[in-house]
Number of protein chains: 6
Amino acid sequence: MPVVKIDILEGRTNEQKEKLAKSIMQAFEENQIPKEWVTIMFNENPVENWAVAGDMLSEKIKKEKK
Amino acid sequence: MPVVKIDILEGRTNEQKEKLAKSIMQAFEENQIPKEWVTIMFNENPVENWAVAGDMLSEKIKKEKK
Amino acid sequence: MPVVKIDILEGRTNEQKEKLAKSIMQAFEENQIPKEWVTIMFNENPVENWAVAGDMLSEKIKKEKK
Amino acid sequence: MPVVKIDILEGRTNEQKEKLAKSIMQAFEENQIPKEWVTIMFNENPVENWAVAGDMLSEKIKKEKK
Amino acid sequence: MPVVKIDILEGRTNEQKEKLAKSIMQAFEENQIPKEWVTIMFNENPVENWAVAGDMLSEKIKKEKK
Amino acid sequence: MPVVKIDILEGRTNEQKEKLAKSIMQAFEENQIPKEWVTIMFNENPVENWAVAGDMLSEKIKKEKK
């Protein structure tokens, strides 16, 4: 019954999402919540749709590349 | 003023989404909440972005097809 | 697997929430999505936490009472 | 630490999203919440995925064009 | 930058939430996403606010107790 | 039609939430989106329900007080 929504930057591979989802299911299991009860969703958004730590994410990435 | 967000597997047709949204608006009406107050959003994610009932949805579908 | 999150003003009775949830489950059934697949959550917030149609909801209600 | 999720109709340019995100960061600053603490996400959905004010958004737009 | 929102039934202790959050942060670390980037939120709702697998959660619990 | 959901630490006064909501409505206006179209919701969660930057928020606050 827990619903886990993961808003994340676009671009992870399906394999990466699968590995992360399985690690999270295991995290629930370790805390006595059966993974069969859990729904996990990835909601991906492109870099232009994020602002973090006071700046657009796209600008942050440009600055770091310099 | 109620906001209804429906996270759903990608792939429904526009007609299916419209029918479902109208059925949900009617569900509010039947419960004395005017449909004019309600905002409904569909948020679609591909099969690779879901884990349900202990497994990736994509794996579940593969198994069922066998 | 569809997840339906309903953000709604605090104050509905449990009976009202149950009726509305059941109407919504039926709305999915009418559209060939089994209600057993659906998770519905009500997320209630007090009147002070909403702004709608250009004004705080609490102010709107005050004006309408006049 | 505040997380601001903006569900919005698909189609804004990156420049429009950036301007809006910056205006919102400033709105937090004006209220003594440093913009460095804030995460903003735009979640865009196409016109067919919205129902507002009692009708599908796509139908509303058609009617207004007439 | 990933934002993880966990909608969960009300009633976990603070210790349980802390343990689960730390397991989830570790799940990200194991997948090459530094835990420092991750924001986790628990959003708790009472049993009357959930419908799962075709029934109100409160009814399901009553039936299981019988 | 834009829906703005602000997940925020519990404890702001109603006056603070009102001021912030009005600043955000103005941010939309400045970007040619009428505030009448916007729905804003504050979703408040207690300090024990947050993990940020690699640690529980409650632990972070304890450390900063030392």
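Analyst: Happy to! Keep in mind that this is a predicted model. Two packed helices are described by the angle between their axes and by the distance between those axes. Take helix α1 (residues 14-30) of chain A and helix α1 (residues 14-30) of chain E: they pack at an angle of about 155°, and their axes are 9 Å apart.

User: How does α1(A) run relative to α1(E), roughly parallel or roughly antiparallel?

Analyst: An angle over 145 degrees counts as roughly antiparallel, so α1(A) is roughly antiparallel to α1(E). The crossing of α1(A) past α1(E) is right-handed.

User: Which residues make the contact between α1(A) and α1(E)?

Analyst: From α1(A) come L20(A), S23(A), I24(A), A27(A), F28(A) and E30(A); from α1(E) come L20(E), S23(E), I24(E), A27(E), F28(E) and E30(E). Sorted by class, this contact of α1(A) with α1(E) has 8 nonpolar, 2 polar and 2 charged residues.

User: Now for whole chains. How much area do chain A and chain E bury between them?

Analyst: The size of an interface is often given as the accessible area lost when the parts come together. Chain A and chain E bury about 1,900 Å² between them, with 70% of it on carbon and sulfur atoms. On the chain A side, M1(A), L20(A) and N31(A) lose the most area to chain E, together 29% of what that side buries. In terms of contacts, 22 residues of chain A touch 22 residues of chain E.

User: What does the interface of chain F and chain E bury?

Analyst: Chain F and chain E bury about 1,200 Å² between them, 47% of it on carbon and sulfur atoms. Here the rule finds 2 salt bridges. One of the pairs to look at is K22(E) with E59(F), a salt bridge whose closest N and O atoms are 3.0 Å apart.

User: And how do the α1 helices of chain D and chain F pack?

Analyst: Helix α1 (residues 14-30) of chain D packs against helix α1 (residues 14-30) of chain F at about 155°, with axes 9 Å apart. The two are therefore roughly antiparallel to each other, and α1(D) passes α1(F) in a right-handed crossing.

User: Which chains have no contact joining them?

Analyst: Chain C and chain D are one such pair, with their closest C-alpha atoms 11 Å apart. Chain A and chain F are also without a contact, and their closest C-alpha atoms lie 12 Å apart.

Definitions and conventions
Residues numbered from 1 in each chain as written. Chains lettered and ligands numbered in written order. Predicted model: local features only at pLDDT ≥ 70, side-chain atom pairs only at ≥ 80, totals over all residues. Heavy atoms only, no water. Axes fitted to C-alpha atoms, helices over the stretch in contact; angles between N-to-C directions. Helix = DSSP H or I, 4+ residues; strand = E, 2+ residues; numbered from the N terminus. Parallel < 35°, antiparallel > 145°, perpendicular 65-115°, else oblique. Left-handed = near helix turned anticlockwise from the far one by under 90°. Contact = heavy atoms within 4.5 Å. Buried area = accessible area lost by both parts, 1.4 Å probe. Salt bridge = Lys/Arg side-chain N within 4 Å of Asp/Glu carboxyl O. Nonpolar A, V, L, I, M, F, W, Y, C, P; charged D, E, K, R; others polar.
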